[in-house]
Amino acid sequence: MLPFLIRRLLLTIPVLLGVATLVFALIHLVPGDPAQAMLGDGASPQDIEQLRERLGLNRPLSAQYVSFMAGLARGDLGVSMRSDQPVTREIFRRIPATAELAFAAMAVAILFAVPLGIAAAVWRDTAVDHGAMTLALAGIAMPNFWLGPLLAIVFAVELGWLPVSGRGSPASLVLPAITLGAGLAAILARMTRASLLDELRELYVLAAAARGASRARVVLRHAFRNSLIPIVTILGLQFGSLLTGAVITETIFAWPGIGRLLIQSISFRDYPLVQGCILLIAVTYVAMNVLTDLAYGLLDPRIRLE
Amino acid sequence: MTLMPRVGAAIVLTTVAAALVGPLLMPYDAITQELPLRLAGPSAAHPFGLDELGRDILTRILSGARISLIVGIVVVSVSATVGVLVGSVAGYFGGWIDDGISRVMDVLLAFPGILLAIAMVAVLGPSLTNVVLALSLIGWVGYARLVRGQVLRARELEFVQAARALGATTRRVLLWHVVPTTLPAVMVQATLGMAGAIIAEASLSFLGLGVQPPTPSWGAMLNGGRAHLLDAPHLTVFPGVAIAVLVLGFNFLGDGLRDALDPKRLTLRSDG
């Protein structure tokens with residue numbers, strides 16, 4: 001397992017370097033002078049020059065790149081234009097909210113999708129299967145920026161059961177978690193059904209049934225356990241879409257996480273903070289992919305040997 | 001052809017027709033405001049009601065369909081063309097060319113979903129052109145990965161080796177023999193990619209990073225409706241239905257195409 005782990009981690013290094021380079025390049029894609037863009041048209045030439053000095057924009061590109069990477073290595077992502085606070089502090093303050101939302105969304109997805117997928121596979125081609133898969137298709141087609149407001153209309157505005165927005169009580173997590181988890185639930189339900197159907201065709205399932213094992217035992221103890229590998233993989237790989245989805249969900253529900261911070265920093269043209277948020281989301285996504293690969297390697301020894 | 005792809009094709013064709021002729025047939029203009037009637041609910045004169053500035057929602061949905069389809073078509077065309085070219089070069093030549101291209105793809109794939117598009121539009125400024133540019137910049141990678149894998153297999157096929165043995169130039173082998181074998185898979189991906197591009201454009205417009213007012217866009221309409229969830233939910237409901245139905249249509253069509261073009265699935269179906 002160790003050589004597999006080392007190889008996988010080594011492969012990640014150039015990707016992370018590439019990600020950091022691309023994030024560094026972002027500020028230089030700003031049309032015209034980035035300092036002018038950040039301060040707006042009304043800024044005086046002195047203010048613009050001061051900002052250029054502060055951000056190091058008046059230095060050669062190579063020097064800026066070296067100092068950006070060196071700062072990154074020290075965990076220094078610069079200072080937010082708006083709050084004058086270090087970018088890392090701004091970001092770390094928001095991480096708990098996004099993590100809470102992402103894991104709650106994942107829990108919602110698993111709780112809805114796995115039983116739905118199992119039911120669809122066990123009662124294949126019946127009304128249960130068709131109903132479950134129609135629900136899954138609706139989940140895929142329904143963008144979260146529509147589902148969120150719809151849920152808010154019904155459960156917050158009409159019924160008054162849950163808060164419309166903000167983060168406070170556990171109840172405030174319900175609507176954002178369902179909104180963010182719905183798309184993942186839809187994919188997961190389809191994957192659970194397909195994966196379980198593949199396993200149910202295997203001879204060992206027939207053998208277990210022939211030995212007198214109950215239908216529930218055959219499905220849950222034998223077939224479902226073996227169908228877990230692709231399900232776990234999908235969960236890991238889809239974590240990235242949860243992070244991007246969080247940008248929209250947090251904006252809808254005024255959830256004070258990284259996604260909302262990103263959109264707020266974009267509207268304030270706070271580019272160091274934009275860079276920090278983008279970098280954090282990308283690095284988290286890469287880390288999740290590595291963890292998924294490692295989990296896959298643990299679950300299936302053939303992967304390690306490839 | 002089973003039922004779902006037919007339904008998908010019907011949805012897509014209807015939307016295309018509605019986008020082409022709908023705005024011409026409507027008695028209203030997509031940007032003309034009737035402020036006294038703002039937020040009015042559905043009626044015979046305005047079947048989907050009016051928005052926060054008194055504009056006819058049905059007219060704006062029909063005009064918004066044009067934006068969605070244009071973004072989808074341009075993004076998918078550019079992404080597929082670049083992806084097929086880059087992926088086939090990587091797969092056919094292998095070696096350092098493949099390594100270099102694969103590393104670039106790895107880096108771009110490290111940004112989940114539309115994150116890189118959000119970042120690009122954030123720095124370039126919100127506009128339809130920048131949305132198309134940003135989505136195409138990330139879109140080609142999916143096609144390139146798909147085509148690279150297909151080309152790796154195709155280059156070993158006998159007819160490709162025969163063409164090479166007969167003295168065909170590399171360009172001819174690649175363009176006339178190898179690339180055509182990848183096109184069915186690219187067609188499926190492009191159809192599903194239309195759904196992805198439409199959702200991505202709507203997401204960016206919803207976040208205020210896409211099409212700018214007063215140009216109608218489904219995502220921006222949803223964003224405008226958020227402030228009126230309580231008093232005028234129709235602002236949110238109708239653009240959302242439009243997005244969901246069109247995305248569903250492209251998904252049905254893509255799934256149907258995949259079933260029709262995938263020999264493995266054909267065999268399974270004929271067996272069972």
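**Close-up 1. Helices H5(B) and H7(B) in the predicted model are roughly antiparallel to each other.** The axes of H5(B) and of helix H7 (residues 170-206) of chain B come within 10 Å and cross at roughly 155°, and because an angle over 145 degrees counts as roughly antiparallel, the pair is described in that way. H5(B) passes H7(B) in a right-handed crossing. On the side of H5(B), the contact is made by B:Val131, B:Leu135, B:Gly142, B:Tyr143, B:Leu146, B:Val147, B:Gln150, B:Val151 and B:Ala154, while the residues contributed by H7(B) include B:Val178, B:Thr181, B:Thr182, B:Gln189, B:Gly193, B:Glu201 and B:Leu204. The residues of this contact divide into 14 nonpolar, 6 polar and 1 charged.

**Close-up 2. Helix H3 (residues 95-109) of chain B packs against helix H5 (residues 128-154) of chain B.** The two helices meet at an angle of about 135°, with their axes 10 Å apart, and H3(B) and H5(B) are therefore oblique to each other. The crossing of H3(B) and H5(B) is left-handed. From H3(B), the contact draws on B:Asp98, B:Ser102, B:Val104, B:Met105, B:Leu108 and B:Leu109, which face B:Leu137, B:Trp140, B:Val141, B:Ala144, B:Arg145 and B:Arg148 of H5(B) across the contact.

**Close-up 3. The largest nonpolar core of the predicted model has 168 residues.** Within this core, A:Val19, A:Leu262, B:Phe111, B:Ile118 and B:Leu135 touch the most other members. The largest share of the core, 15 residues, comes from helix H5 (residues 87-122) of chain A. B:Leu135, listed here among the core residues that touch the most other members, is also one of the residues through which H5(B) makes its contact with H7(B).

**Close-up 4. A:Leu262 touches residues of chain A and of chain B.** When residues up to four places away in sequence are not counted, the partners of A:Leu262 are A:Val247, A:Val274, A:Cys277 and A:Ile278, together with B:Leu115 and B:Ile118. Of these partners, B:Ile118 is itself named with A:Leu262 among the residues that touch the most other members of the largest nonpolar core.

**Close-up 5. A:Ser265 is a buried residue of helix H13 (residues 258-267) of chain A.** The relative accessible area of A:Ser265 is 3%, and the residue is classed as buried because that term applies under 20%. Leaving aside residues up to four places away in sequence, A:Ser265 touches A:Asp270, A:Leu273 and A:Val274. A:Val274 is also touched by A:Leu262.

Note on methods: Residues are numbered from 1 along each chain as its sequence is written. Chains are lettered from A and ligands numbered from 1 in the order in which they are written. This is a predicted model: local features need pLDDT of at least 70, side-chain atom pairs count only at pLDDT 80 or more; totals for chains, interfaces and linings use all residues. Side-chain values use heavy atoms; hydrogens and water are left out. Axes are lines fitted to C-alpha atoms, for helices over the stretch in contact, and angles run from 0 to 180 degrees between N-to-C directions. Helices (H or I, at least four residues) and strands (E, at least two) are DSSP runs, numbered from the N terminus. Angles under 35 degrees count as roughly parallel, over 145 as roughly antiparallel, 65 to 115 as roughly perpendicular and the rest as oblique. A crossing is left-handed if the near helix is turned anticlockwise from the far one by less than a right angle, and right-handed if clockwise. Contact means heavy atoms within 4.5 Å. Ala, Val, Leu, Ile, Met, Phe, Trp, Tyr, Cys and Pro count as nonpolar, Asp, Glu, Lys and Arg as charged, and the others, Gly among them, as polar. A nonpolar core is a set of buried Ala, Val, Leu, Ile, Met, Phe, Trp, Tyr and Cys residues joined through side-chain atoms within 4.5 Å. Buried means under 20% relative accessible area, exposed over 50%, partly exposed in between (1.4 Å probe, protein chains only).
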